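Work through the exercises below with the sequence and the structure at hand. Each task is followed by a solution in steps.

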Amino acid sequence: MSGKNSTAMIATLGFVTALSGFLIVTVFQATKPAIEENKRLSIQKTVLEVIKGATADKHFIINEKGELLEAVPGMKGTNVYAGYDAQGKLVGVAAEGSAQGYSGSVDTIYAYTPACECITGIKVIKQTETPGLGDKVITDKHFVANFDKLEAKVNAAGDALANAIVAVKHGAKQNPWEIDAISGATISSKAIAKGLNNSAQEVLPKVVPLLPQIEGAKP
């Protein structure tokens, strides 16, 4: 192959590569708003499912200064979703949790009820665990019952949970902040517990002092 032909081929390949990159970026930018809106609607639906008694919700961001702001696209900070009943009363807040399972990340949205200082609902929104084993974190009624009233109290200093949320061997649960793991799906159970604990340790100390403000910000 002559030098002239080689140069032409390299130029053509370079053009094709640049054009492909341009098209990928263009398609991504064009579809990004729709993807984000679909995600927002999905999260909204899930929030209303996990916060018992909620008929309306509101999305907030807690910024680096600890200020509670109504969320707008592109805003950075900690996401918090508030759920209100038909009378506009705050019944709970929701947040997102995530941790590595056996086959991939296990992502959840969980509800926190201020009245009992506990987690009172959870839904797995993404998981790639082994069918019939790891996916029991969705289907096993006994496991799901862990989240009817899972203790998540903030400590006296207000900077962390009083007790870390942990998964224990099936049948060994003794404390209200422990999760009774599924026999045969311990890794997935621990992923749920780790995701909840990591999130709650960070989010709840920020949320609790702001509850009166969230209560007053009716939808």
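**Exercise 1.** Which side chain meets that of Lys206 in a salt bridge?

Solution. This is a predicted model. The partner of Lys206 is Glu202, at 3.5 Å from N to O. Last, check the accessibility. Lys206 has a relative accessible area of 31% and is partly exposed; Glu202, at 44%, is also partly exposed.

**Exercise 2.** Find the parts of the chain that the salt bridge of Glu49 and Lys123 ties together.

Solution. Start with the contact: the closest N and O atoms of Glu49 and Lys123 are 2.7 Å apart. Glu49 lies in helix α1 (residues 3-50) and Lys123 in strand β6 (residues 118-126), so the bridge links parts 74 residues apart in sequence. Glu49 is partly exposed at 40%, and Lys123 is partly exposed at 34%.

**Exercise 3.** Describe the disulfide and the setting of its two cysteines.

Solution. The sulfur atoms of Cys116 and Cys118 are 1.8 Å apart, and the two residues are joined. The angle about the S-S bond is -75°, and the link is left-handed. Cys118 is buried, with a relative accessible area of 2%, whereas Cys116 is partly exposed at 23%.

**Exercise 4.** Classify the aromatic pair of Phe143 and Phe147.

Solution. The ring centres of Phe143 and Phe147 are 5.4 Å apart and the planes stand at 80°. An angle over 60 degrees counts as edge-to-face, so the pair is edge-to-face. Phe143 is buried at 1% relative accessibility, and Phe147 is buried at 2%.

How values were computed
Residues are numbered from 1 along each chain as its sequence is written. This is a predicted model: local features need pLDDT of at least 70, side-chain atom pairs count only at pLDDT 80 or more; totals for chains, interfaces and linings use all residues. Side-chain values use heavy atoms; hydrogens and water are left out. Rings of Phe, Tyr and Trp (its six-membered ring) pair if their centres lie within 6.5 Å; planes under 30 degrees apart count as stacked, over 60 as edge-to-face and the rest as tilted. Buried means under 20% relative accessible area, exposed over 50%, partly exposed in between (1.4 Å probe, protein chains only). A disulfide is a pair of cysteine sulfur atoms within 2.5 Å. A salt bridge is a side-chain nitrogen of Lys or Arg within 4 Å of a carboxyl oxygen of Asp or Glu. Helices (H or I, at least four residues) and strands (E, at least two) are DSSP runs, numbered from the N terminus.
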